[in-house]
Each structure stands twice: as C-alpha cells, then as structure tokens.
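Subject: Handing over the structure

Dear colleague,

I am passing the structure on to you here, with my notes set out below it. Please read them with the structure open beside you.

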Amino acid sequence: MKILLFHTYNQGYLSSFFQELSVKLIHEGHEVVSFSWKTSVSDRVIDRVRVVIKKKKGYVTNYRNVYGLIKREKPDIILSNFSYVNPALLFGKLFGVPQNLVWFHSLNAQMASSKMQVFIKKQFLKLADVVFANSYLTKEELQLFYEVPNNKIQAIPFWSNITEQDSKGSNLEFNTNRKVLKIGCPGRLKSHKNQKIVIEALSILKKTNNYTFQLYIAGEGEELLHLKKQVETRELTNEVSFLNHLSANDMLHFYNAMDVVVLPSLHEAFGLVFIEAIALGTPVIVSSSFGALSFINSNENELDTFTFNPESANDLTAKLVPYFHDEGLSKDFFKQLYKQHFDKEVIFKSFLKILKTA
C-alpha cells in the first residue's frame, strides 16, 4: 500500500518518531511519502522515505499544495497530524482515499481552542476512518469535545529513539560538585508548563533544610521574564540557570547530566520529554497530569513514587527530598519502566494491526 504521511519534518524527537515509523512501514512492504511545510523547498529520499517539503505560505496556497499532492500521489492511506489534518481529511475524502487516518496530539486546554475552532475540527474529524490518540486522556477529550465515536479512536503511545542517537560534543556546562543536586526542567516556557511550581518548591527546600542544588531550566517562551523575576524574588539567582532552547544533541547531554528531572505541566496530552528521560534512565518526578502515564500498567502506589500533584509545591518537595539523600529511585527503575511500557516493537505491531483492520 502507498501511505502519504503529513507531519512536520525537522530535527525534533517527534519528527524522528514519524520518520522511524515510515522506515518500519517500508520494511513491511509499504511505500511511504512524507509531506511537510517548512521555510524551504525540497524533494528527496531519506532512508528510502520520499520526503516532500513545500514552503509554508497562506491558507489557500497550503490547501492547494495538499490537494495537488493527494491528487498526484493517489495514496491508499493518509496519516496526518496537527495543522495538516483538516486539508488532508477534506481532500482525502474528495479523492476517495480508502483509509484516512489522523494522529491527535493535544489536549483542548493546551490548544486553547475557541468554540468555533472546536466546532470546525469536529466537522473535519467526521471524515476520519480512524483517529489515533497519543494517550487515554486525549481519547477522552476526543469523545467529550469532538464527539468522535469510541470505536473510531485508538490509543497508541509514542516511542523514543533517543538511546540510539549518536552523541556529539556540546558546549553545555553543568555543576560538577557531587554535593550539589542537579535538577533539570525542560520544556517550552508557557504558563501551563508550570515551571513556577519547581522554583517555589526549591525555595521551600532551601529555606527549611538549606539543601544545595542547581536547577537548569531548558526552553524558550513568553514566561521567561516572569520566571526570572520569580527566581530573583525567591533569592535563587545563584541556584537557577536558564539554558534557552536546546538542540536534540544538547538535550541528550542535558538528560545524562541531571540527577533528577522534574516535569511539572498542569496538562500534557502525552509528554515526549518523559519517555525520553526514562529511556536514558534519568530519574524523573512527573506531573500526574501527563498522558503518557495512562499507558503504564502499575498500581497506584508505584506511580505515586515518581508522580506529584502539579498544583502542590509541598507534594513536589516531598518527592524531591529523597534525591538530596541519595535515596531516590534508581536509573535502572526508569529504564525498566520504559522497556515495559514503551517498547517500539510492541507499539509498532499494535499500529500495524490497526492499519490492517481499519
């Protein structure tokens, strides 16, 4: 079968997931064409996947490009995500593509969608044969907000290939004093990413226990000035470093250098940073609102050992304290957690099974 995949092709780990998925589909005997909007134009073959890139322009031109590509390629299956979904569904239906699939990534709170946007998306999603949800949280919202029937939704997690990435040199520098706990907090600096709760929790720990630590906040966004102001107010200027945006290679160094990573989002449809970190065996304290957790078949007590209420600084401080005493969960615990619940071969087989029965 010929599969036309719409996703943003770049150096990020989500793009790497879809590229690897494409390669696996080719090994199964399928032909895969990948389409992306970017600032440049190209048409090349990468690992046997034909990658077509068109310059992103206005609404009409973008839709025309999708229309032309589907008409020309005549795929048996279309798989789209993010801003590609609406035109891919519309023109896939117009040209009678046998299977029109969508991979849905975001919670409604993350997108801050208006009622009109929800209404429009709801109409387009009616054209989909299968909607892949990246977590059971996303699946619930697809039913609640977009009224997608339960039998049309399949919850499939992502995997990460970060452990297979070649490590190159990096200019990043981290505190080398073993007595200083290195705490990482990666992610876009947006209000729902909730980095402020980490600063608040560490302020409490410094005042009550005089613990020594260095917090490394990696990312960019509109909350940067507010977070810097909070750091100054809490008198943590010497303990907090802002690293701005990190490349995929730098993120590899970042995860490996941290003693523990804190992921405090108020809502997260999946949370690639979570599985990237645990794949490398980096200890993680993660918000209980992460969708990736819905794929972990563990009892509540085990989940409670590394999750916290993202609205409670006290809950976070309680989870951090063991790491100051070298009593936190081990690297092997998190590596095993990843292998048990996010194994790529298991996920891919599940995807193939759905593809064959759609």
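Strand S10, which covers residues 213-218, has six of its six residues buried, so the strand is largely enclosed by the rest of the structure. Please keep in mind throughout that this is a predicted model.

S10 belongs to an open sheet of six strands, whose order is S11-S10-S9-S12-S13-S14 and whose pairing is parallel. At the edges of this sheet are strand S11 (240-244) and strand S14 (307-308), each of which pairs on one side only. Strands of a sheet pair through backbone hydrogen bonds, in either a parallel or an antiparallel sense. Between S9 and S10, which run parallel, there are six bridges, and one that you can look up is the bridge from Ile183 to its partner Leu215 in S10. Further along the sheet, S12 and strand S13 (residues 284-287) pair in the parallel sense over three bridges, and here Val261 has Val284 in S13 as its bridge partner.

Several residues in the loops and helices around these strands may also be of use to you. Arg188 is placed in the loop between strand S9 (181-186) and helix H7 (195-209), and with a relative accessibility of 44% it counts as partly exposed. Although Arg188 and Ala218 are 30 residues apart in sequence, their C-alpha atoms are 7.8 Å apart in space. If the neighbours within four places in sequence are left aside, Arg188 is in contact with Lys193, Gln195 and Glu220.

In the loop between H7 and S10 you will find Asn210, which has a positive phi of about 55 degrees although it is not a glycine. Asn210 is exposed, its relative accessible area being 60%. A second residue of this kind is Phe82, again not a glycine, with a positive phi of about 50 degrees; Phe82 lies in the loop between strand S5 (77-81) and helix H3 (85-94), and its relative accessible area of 40% makes it partly exposed.

Gln230, in helix H8 (residues 224-233), has a relative accessibility of 16% and therefore counts as buried, the limit being under 20%. The side chain of Gln230 reaches the backbone oxygen of Lys196 at 3.0 Å, and, apart from neighbours within four places in sequence, Gln230 is in contact with Lys196, Ile199 and Glu200.

Which residues of helix H6 (residues 136-144) are buried? They are Thr138, Lys139, Glu141 and Leu142, and because they cover an arc of only 165 degrees around the axis, they lie on the same side of H6. The face of H6 that is turned away from this buried side carries the exposed residues Glu140 and Leu144. At the N-terminal end, H6 is capped by Ser135, which has a side-chain oxygen 3.3 Å from the backbone nitrogen of Leu137.

Turning to the aromatic residues, the structure holds 34 aromatic pairs. One of them, formed by Phe270 and Phe342, is edge-to-face, with 6.2 Å from centre to centre and 85 degrees between the planes. Phe270 lies in the loop between strand S12 (260-263) and helix H10 (272-279), and Phe342 in the loop between helix H13 (331-341) and helix H14 (344-357), so this pair ties together parts that are 72 residues apart in sequence. Both Phe270 and Phe342 are buried. They also belong to a cluster linked by ring pairs, in which they are joined by Phe17, Phe18, Trp103, Phe132, Tyr136, Phe158, Trp159, Phe295, Tyr338 and Phe351.

Two lysines are also placed over aromatic rings. Lys24 lies over the face of Phe348, at 5.6 Å from the ring centre, and Lys228 lies over the face of Phe242, at 5.7 Å from the ring centre.

With kind regards

Notes
Residues numbered from 1 in each chain as written. Predicted model: local features only at pLDDT ≥ 70, side-chain atom pairs only at ≥ 80, totals over all residues. Heavy atoms only, no water. Helix = DSSP H or I, 4+ residues; strand = E, 2+ residues; numbered from the N terminus. Buried < 20%, exposed > 50% of the residue type's maximum accessible area, 1.4 Å probe, protein only. Contact = heavy atoms within 4.5 Å. Arc of directions from axis to C-beta. Polar contact = N/O pair within 3.5 Å; in protein donor to acceptor, adjacent residues only side chain to side chain. Phe/Tyr/Trp six-rings, centres within 6.5 Å; stacked < 30°, edge-to-face > 60°. Lys NZ or Arg CZ within 6 Å of the ring centre and 35° of its normal. Pairing = 2+ DSSP bridges.
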